[in-house]
Amino acid sequence: MRLAELSTRSGVSTATIKYYLREGLLHPGRRVTATQAEYDEGHLRRLRLVRALIQVGRIPVNSAREVLAALQDEGLDPNRRLGTAVWALPHGPAPDEADPATETARQTADELMDRLGWRYGGPSGETPTVPAYGMLITAIAALSRLGYPCATADLEPYARAMERIAATDLDLVERYGTPDEQVEAAVALTVLYEPVLLSLRRLAEAEESRRRFDGR
């Protein structure tokens with residue numbers, strides 16, 4: 001297909017496609033004349049992935065390039081490839097190390113990780129600490145400063161619920177056949193399902209409140 005058809009089928013403007021080509025995010029098409037090239041289904045799949053990373057995930061170009069490099073690294077297993085993509089998503093503020101509440105929050109987070117048996121947080125050093133771990137510390141510190149419940153026992157029910165949601169997330173990702181499609185789905189579904197999770201939580205709270213308190 002020519003550039004115009006690639007743009008139509010992908011929903012990405014020709015100017016943006018040319019930008020992705022210049023930045024090395026999309027491999028060149030097969031040159032047919034001095035000024036024209038042809039593109040195939042592989043370009044369309046990769047373009048959808050790049051769009052998911054940059055337009056949906058709001059990942060900077062340099063980070064998107066790293067994700068694509070990880071995808072092409074045959075030494076990485078699917079877990080590392082998906083992790084590289086999801087970790088590149090924008091995250092909340094890092095913990096404020098000058099805040100006295102941060103160290104206590106970190107201890108709580110580490111205890112929670114140990115209790116859950118999760119490997120991607122805590123101080124063991126066996127696996128890399130993911131950005132979400134820092135987000136958790138920041139959130140626990142905020143709860144602590146304001147005097148709201150945030151002990152390990154308070155947080156564990158939420159974490160157990162997230163384990164079930166994570167399994168559902170990965171079930172959705174595995175519906176896609178190729179590594180490119182799985183990374184695209186992991187990024188897009190992480191971003192697009194977070195509002196779904198928030199809305200369902202609030203609806204569930206409203207329903208539980210109705211059951212508990214309506215008519216009292």
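These questions and answers cover the pockets of a predicted model.

The model is predicted: local features need pLDDT of at least 70, side-chain atom pairs count only at pLDDT 80 or more, and totals for chains, interfaces and linings use all residues. Residues are numbered from 1 along each chain as its sequence is written, and side-chain values use heavy atoms, without hydrogens and water.

Trainee: What volume does the largest pocket have?

Mentor: A pocket is an open set of points on a 1 Å grid over the protein atoms alone, where a 1.4 Å probe fits, with protein on both sides within 12 Å along at least five of seven lines. Points join across faces, edges and corners, and volume is the space filled by probe spheres set on them. For the largest pocket that gives about 2600 Å³.

Trainee: Which element gives the largest share of its lining?

Mentor: Lining residues have an atom within 4 Å of a point. Helices are DSSP runs (H or I, at least four residues), numbered from the N terminus. The elements giving two or more residues are α5, α6, α7, α8 and α9. The largest share, twelve residues, comes from α8.

Trainee: Where does the largest pocket lie relative to domain 1 and domain 2?

Mentor: Domain bounds come from an automatic or database assignment. Domain 1 (3–86) and domain 2 (91–213) both give lining residues, so the pocket lies between them.

Trainee: Which helices each supply at least two residues to the lining of the second largest pocket?

Mentor: This pocket has a volume of about 230 Å³. Its lining includes Leu 3, Ala 4, Lys 18 and Leu 21. The helices are α1 (3–10) and α2 (14–22).
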